[in-house]
Amino acid sequence: MRGNLDKKTDISWQEQLLNEVVFLYGVFVTVVFPILFHDRYNDILHAKAAAFDYVSIGAILFCGIVIISYLFSIRKLQDKKLKDYLKDLSIIDKFIIVFMFATTISFLINPNKYNTFWGVDGRRIGYLALMICGVSYFLYSRYLKDIDLLMILTFLAAVFISLIAIANHLGFDPLDMFVTMPKESQLISTLGNRDCLAGYIILLWPVSMFYIFKSPKKLLRIISWIYLLISFAAVVAAMCDSAYIAIFIIALVSLCFVFDNYKSLIGYCYIFLSFFAVHIVMKYLRNVREEYAWKAEGITEFLINNVWILALATVFFLLMAVFFTIMKKKEIDIGKFKVLRIIVWIAAFISIAFLIGLMIYVSSKYESKAECKEVFGTLANYIYFDESFGSSRGRIWNIALKTFLAMPFINKIFGYGPAGFRYALVEFLEESVYTFKSGRLIDAHNEFLQYLVTLGIFGIISYFGIFISAIIRFAKNRKKDFLVAGALVTTAAFLSQGIINNTHIYIEPLLFLLLAIAEAKIREVK
């Protein structure tokens with residue numbers, strides 16, 4: 001009997017150690033890693049990636065040793081067999097295992113093992129980083145505790161990063177980052193790349209929203225509000241179109257959850273009121289700093305140059321918030337308003353269909369974008385599809401498809417190696433096809449095409465299988481915890497911004513952490 005008590009004590013000590021180490025690793029990934037930089041922007045990506053790789057390897061190896069002794073103790077105590085552990089795997093777990101297997105095969109058959117292992121020419125999201133994401137998901141989902149504390153620290157770090165981005169946009173350089181780099185270099189805050197900053201912010205939006213909607217803890221709701229307001233301004237600073245695609249999807253998918261009670265519905269209205277109001281504030285801050293503020297681009301430029309659109313949207317959501325507040329006081333059944341959700345979805349689908357139809361029409365009617373601009377003005381940049389579409393993404397996507405079609409059968413199935421996009425171009429296309437005046441082409445600027453070339457059909461099925469299975473599993477278990485619903489919206493937002501954005505070592509680790517938190521919440525209730 002004493003022996004059994006000793007074993008239980010040992011197991012408790014081991015599990016507690018795992019909880020502490022995994023939490024500290026989560027703090028590194030969500031707080032230290034995004035803020036960390038070395039020698040300003042000169043080697044920001046390599047410095048961050050090196051820190052991420054080595055800290056992750058150390059943490060995973062340490063946890064691995066503890067887990068092995070932990071599982072050995074459990075097996076001796078409970079006579080637990082391998083099949084018992086396999087039964088405990090969720091559908092997300094299984095897709096991540098298959099994805100890691102597919103990535104390993106792709107890595108082994110490609111000829112550029114050193115570069116693809118480290119992701120040298122692929123924004124450092126090579127074989128090692130992808131394996132770390134997969135392994136860390138299992139560590140988080142099984143051993144991460146103190147999730148609320150971790151999210152508080154994550155939001156505070158994101159607030160700091162966002163404030164630096166806003167300052168940079170307005171012509172300030174509080175960290176002296178631009179001493180050796182011109183401000184026209186498209187770099188911003190401590191993440192460097194503007195698209196990465198937008199992607200980082202996008203992943204945290206839905207989680208912070210659901211803390212506002214559902215959390216009983218006032219401190220978390222306040223911190224979430226602070227993060228949202230400042231990050232909205234940071235998106236204006238980043239001027240990244242993918243953020244607007246994501247906020248559209250977040251707005252639509254969130255409607256599935258906000259009609260549960262008036263608190264959530266009114267919070268939803270105030271959040272999107274704030275989104276447009278912050279744009280107005282940023283416009284006037286830009287006017288004050290007109291001589292120093294960065295030149296506006298893309299959708300951001302369109303919105304701040306048409307303040308009436310921002311004002312109408314702000315007033316609309318304000319009126320909706322007031323209306324639902326009155327209905328709450330009158331104790332009107334909220335179920336009567338669920339038809340609004342259907343109306344919004346129908347309007348959104350009609351709008352998307354109209355936009356696609358308009359793109360097809362103008363792209364076939366006009367010979368060039370210049371001719372289209374004579375009729376539609378700056379809107380032509382978004383509705384006329386040619387090789388210059390989306391900052392030359394039209395050409396890049398065409399190149400990616402040509403590369404995949406030129407690859408041998410085995411590479412079509414397993415790809416040309418993680419972070420091997422550039423090597424595939426060099427191997428299978430003429431240099432004149434993929435040469436850009438602005439520099440080397442290293443990725444497809446589209447998640448689907450990127451993984452189609454680098455990991456092949458097997459890899460892309462397993463990769464997107466993770467997110468599709470996550471959406472299904474989170475939808476089924478959304479009532480178990482509000483963070484599960486938040487992770488569902490985050491996953492949808494990530495997939496939407498991936499249409500025009502890159503996979504990156506700044507984004508993927510945070511995404512897998514948020515998936516793991518939702519999985520942990522489901523397991524906790526189970």
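## Exercises on a domain interface and a ring pair

In this predicted model, 17 residues of domain 2 are in contact (heavy atoms within 4.5 Å) with 11 residues of domain 3. Local features need pLDDT of at least 70 and side-chain atom pairs pLDDT 80 or more, while totals for chains, interfaces and linings use all residues. Residues are numbered from 1 along each chain as its sequence is written, and side-chain values use heavy atoms, without hydrogens and water.

**Exercise 1.** Describe the interface of domain 2 and domain 3.

*Solution.*
1. Take the bounds from an automatic or database domain assignment: domain 2 is 144-330 and domain 3 is 333-390.
2. Their centres, taken over C-alpha atoms, are 24 Å apart.
3. The buried area (accessible area, 1.4 Å probe, lost on being put together, summed over both) is about 1,200 Å², 77% of it on carbon and sulfur atoms.
4. Helices (DSSP runs of H or I, at least four residues) that give two or more residues to the domain 2 side include H10 (241-258) and H11 (262-288).
5. H10 gives the most, with 6 residues.

**Exercise 2.** Classify the ring pair of Phe117 and Tyr127.

*Solution.*
1. Apply the rule: ring centres of Phe, Tyr and Trp (its six-membered ring) within 6.5 Å; planes under 30 degrees apart are stacked, over 60 edge-to-face, the rest tilted.
2. By this rule there are 45 aromatic pairs.
3. For Phe117 and Tyr127 the centres are 6.1 Å apart and the planes at 40°, so the pair is tilted.
4. Locate the residues: Phe117 lies in helix H5 (residues 113-118) and Tyr127 in helix H6 (residues 127-143), 10 residues apart.

Conventions
Buried area = accessible area lost by both parts, 1.4 Å probe.
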